[in-house]
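Dear colleague,

Please find below the structure that I am passing on to you. The findings follow directly after it.

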Amino acid sequence: MLGWVVPYFKLARLDKPQGGFLIFWAFAWGLTMAAYRSDLALKSYASLLLRCLVGAFLYRGTGVTFNDICDRKLDRLVERTKNRPIASGVISVKSAAVFLVLQIILCIAAFWPLNTPALVALLIGIFPLAGAYPFMKRITYWPQAWLGIAGNWGLIIAWLAIFPSLDYSLISSLMAGMCCWTLLYDTIYACQDKSDDMKAGAKSTAILFGSYVKPLLTGFGAIFIAMMFYSGVINRQGGFYFFFSVGMAAVHVTWQIYSVDLENKASCWANFRRNSQLGWIIWVGMVLDYTCTRRSAI
């Protein structure tokens, strides 16, 4: 009876929540570090975190829906994506556009109670940042770098939900590190489609890096961990942060790079999914710091 819902569920990638959580971690990390600095009440933190969780999945849904509208012809040429709802013809472009508008409205509604700077940041995140991503793979071999900004923009939205302005030294170091993290996991993800992308004319860092993928991933991973360490110093984080969010994260990233077989699609997909687990590890360090050092009453 509700079978018509399933294609839209897949169009928003709700059947593959790992990507949604990758978007959410930017919100969660930014919110938790801001809460730690501001000594935000736990009740307020929990409410904002829930709002960020819902909003992150809606934000991701708008991005992937617009991506699939723009990429429908390319998707038909790639084995992994040819059965996506729009590429396969299950959902028309017109219906997908209506669904896109609905998701944008719901995403804005999810964050509507926030202050004006956070809402302005949200609108910038939806367009031009997320809106421009589908075109990047047509004009540059660095679409993953653009995704690093668009996909981690929740960091800025969440920070502005608590503070009226940005701490540019902290936000720039966090964003630089998180962009390197995105380059790491999304290059691994792109290795699944490297041969099909080359035939279709799509560009990616997986193609650009060639036989140097692993050494470059190692470099991106090292910068990511270094920036997480530096960000912790700037924000005066405690021991839990440096143990979990830096130390254990470094172990996880090292394991990923060592274990992934870039010529094996199943291995690439498995390692991509592990980055959602990494998000939990980093967030645990942040939230333990925050909850154990709060001074104000709930």
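In what follows, a residue is called buried when its relative accessible area is under 20%. By that cut-off Asp39, with 11% relative accessibility, counts as buried. Please note that this is a predicted model.

Backbone features

Asp39 lies in the loop between helix 2 and helix 3. Its phi is near 60°, a positive value in a residue other than glycine. Arg13 also has a phi near 60°, again positive in a residue that is not glycine. Arg13 sits in the loop between helix 1 and helix 2, and because its relative accessibility is 9%, Arg13 counts as buried. A further point concerns the peptide bond between Phe127 and Pro128, which is cis, with omega about 25°. Pro128 belongs to helix 6.

Packing of helix 6 and helix 8

Helix 6 (residues 116–139) packs with helix 8 (residues 154–162) at an angle of about 170°, and the two axes are 7 Å apart. Angles over 145 degrees count as roughly antiparallel, so helix 6 is roughly antiparallel to helix 8. On the side of helix 6 the contact is made by Pro117, Ala118, Ala121 and Leu122, and on the side of helix 8 by Ile156, Ile157, Leu160 and Ala161. By class, these are eight nonpolar residues, with no polar and no charged ones.

Pockets

The largest pocket has a volume of about 1000 Å³. Its lining consists of 43 residues, and those nearest its centre are Arg13, Val64, Asn67, Arg84 and Tyr189. The lining divides into 19 nonpolar, ten polar and 14 charged residues. Several helices each supply at least two residues of this lining, among them helix 2 (18–38), helix 3 (42–70), helix 6, helix 9 (168–190) and helix 14 (265–293).

The second largest pocket has a volume of about 150 Å³. The residues that line it are Tyr8, Phe9, Ala12, Leu14, Phe57, Leu58, Gly61, Phe99, Leu102, Gln103 and Leu106. Helix 1 (5–11), helix 3 and helix 5 (93–111) are the elements that give two or more residues to this lining. The largest share, four residues, comes from helix 5. In this second lining there are nine nonpolar and two polar residues, and no charged ones.

With kind regards

Key: Residues numbered from 1 in each chain as written. Predicted model: local features only at pLDDT ≥ 70, side-chain atom pairs only at ≥ 80, totals over all residues. Heavy atoms only, no water. Axes fitted to C-alpha atoms, helices over the stretch in contact; angles between N-to-C directions. Parallel < 35°, antiparallel > 145°, perpendicular 65-115°, else oblique. Contact = heavy atoms within 4.5 Å. Nonpolar A, V, L, I, M, F, W, Y, C, P; charged D, E, K, R; others polar. 1 Å grid on protein atoms, 1.4 Å probe; cavity = no way out; pocket = protein on both sides within 12 Å on 5 of 7 lines; lining within 4 Å. Points joined across faces, edges and corners; volume = space filled by probe spheres on them. Buried < 20%, exposed > 50% of the residue type's maximum accessible area, 1.4 Å probe, protein only.
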